[in-house]
Amino acid sequence: MQLQALSPILWTKNLQETISFYTIVLGFSSRSNFPNFASLYKDNTEIMVIVPTGKPSDNGFFPKPCLTGSIYIFMNDVDKFWEAVKDKATIKTSICDRQYLMRDFSIADNNGYEIVFGEDISKR
C-alpha cells in the first residue's frame, strides 16, 4: 500500500472568484468544474475548492473560510515564482532562506488561506 498524492479541499463562498485567483494570479488550470466545485492544478499540485452547503437551520454555518495552519507547496525556482506573484497577491511572509533549509514565501489567497511556496536549499 502506497499513498499517492495529497489534495486539500478548501471551502469558499465565491467559487468563480477563487478559480480566477488561482488561474490568473498563480497560474493554475481549472478542471472538473461542477456546480459548487472545482479542481485547480499546476504541475504536480492540485487544490480542490468547494462552496459548502449547510442546512437552512444552521445559523452561522460557514461564516468565513478558516484553516488553522497553512498549505506548503514544494517547488523549483521559487525566486522566479516570487517575482511573478509578489505584486498580485497579499504577501504574508516575504521570500527568505529559512533555518529549516527552505527558501520560501507565503501569500493569502482570495479567501484568506495561507499558501506557502518553498524550495529546498539543503544542498547549497
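The side chains of Thr12 and Thr18 are joined by a polar contact of 2.8 Å, where a polar contact is a pair of N or O atoms within 3.5 Å; within protein, one atom must be able to donate a hydrogen and the other to accept it, and residues adjacent in sequence count only if both atoms are side-chain atoms. The model is predicted, so local features need pLDDT of at least 70 and side-chain atom pairs count only at pLDDT 80 or more, while totals for chains, interfaces and linings use all residues. Residues are numbered from 1 along each chain as its sequence is written, and side-chain values use heavy atoms, with hydrogens and water left out.

**Around Thr12**

- Thr12 lies in the loop between β1 (9-11) and α1 (15-25), helices (H or I, at least four residues) and strands (E, at least two) being DSSP runs numbered from the N terminus.
- Thr12 has a relative accessibility of 0% and counts as buried, a term that means under 20% relative accessible area, whereas exposed means over 50% and partly exposed lies in between (1.4 Å probe, protein chains only).
- The side chain of Thr12 also reaches the backbone nitrogen of Asn14, at 3.2 Å.
- When neighbours within four places in sequence are left aside, the residues in contact with Thr12 include Val49, Ile50, Val51, Phe62 and Asn111, contact meaning heavy atoms within 4.5 Å.

**Salt bridges**

- Side chains of opposite charge can pair when their charged atoms come close.
- The count comes to five salt bridges, each defined as a side-chain nitrogen of Lys or Arg within 4 Å of a carboxyl oxygen of Asp or Glu.
- Glu83 forms one of them with Lys86, with the closest N and O atoms 3.3 Å apart; Glu83 is partly exposed at 48% relative accessible area, and Lys86 is partly exposed at 27%.
- Arg124 forms a salt bridge with Asp97, the closest N and O atoms being 2.8 Å apart, and this pair links distant parts of the chain, since Arg124 is in the segment after β8 (114-120) and Asp97 is in strand β6 (residues 90-97), 27 residues apart.
- Arg124 is exposed, with a relative accessible area of 65%, whereas Asp97 counts as partly exposed at 34%.
- Arg98 and Asp104 meet through their side chains in a salt bridge of 2.6 Å, N to O; Salt bridges that share partners join Asp79, Asp97, Arg103 and Arg124 into one network.

**Ser122**

- Ser122 is placed in the segment after β8 and counts as partly exposed at 39% relative accessibility.
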